[in-house]
Amino acid sequence: MALKTASKEWGRGSMLSSDEMREEFDLRRQLILQARKGNRKAQDRLYELYKVRFYCADDLSRR
């Protein structure tokens, strides 16, 4: 009985972490899509979270 309880708890914990990973992946995907469209806030947020610079073709032609 104790083994079943422990495995259920472990399963729930792994599901929670996968949900968090999925949410983070969705956030990252949305930020990248917005940054591609030239959204400055999304570009700044990508840098803040992941320390990456995102350049659009329009940005490069202006510089």
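Predicted model: local features only at pLDDT ≥ 70, side-chain atom pairs only at ≥ 80, totals over all residues.

Entry 1: I began where α2 is followed by Lys51, whose phi is positive, near 55°. Lys51 is not a glycine, yet its phi is positive. I placed Lys51 in the loop that runs between α2 (40-50) and α3 (57-62).

**Entry 2: buried or exposed?** I looked up the accessibility of Lys51 next. Its relative accessibility is 58%, and because exposed means over 50%, Lys51 counts as exposed.

**Entry 3: the start of α2.** I then went to the other end of the helix. There I found a side-chain oxygen of Asn39 within 3.0 Å of the backbone nitrogen of Lys41.

**Entry 4: the buried side.** Which residues of α2 are buried? I noted Ala42, Gln43 and Leu46. Looking down the axis of α2, I saw that its buried residues fall within an arc of 100°, so they line one face of the helix.

**Entry 5: around a ring.** Which charged ends sit over the ring of Tyr47? I found Lys51 again, with its charged end 5.6 Å from the centre of that ring. The charged end of Arg53 also sits over the ring of Tyr47, 4.0 Å from its centre.

**Entry 6: rings with rings.** Last, I looked for aromatic pairs, counting ring centres within 6.5 Å of each other. The count came to 0.

Technical notes
Residues numbered from 1 in each chain as written. Heavy atoms only, no water. Helix = DSSP H or I, 4+ residues; strand = E, 2+ residues; numbered from the N terminus. Buried < 20%, exposed > 50% of the residue type's maximum accessible area, 1.4 Å probe, protein only. Arc of directions from axis to C-beta. Polar contact = N/O pair within 3.5 Å; in protein donor to acceptor, adjacent residues only side chain to side chain. Phe/Tyr/Trp six-rings, centres within 6.5 Å; stacked < 30°, edge-to-face > 60°. Lys NZ or Arg CZ within 6 Å of the ring centre and 35° of its normal.
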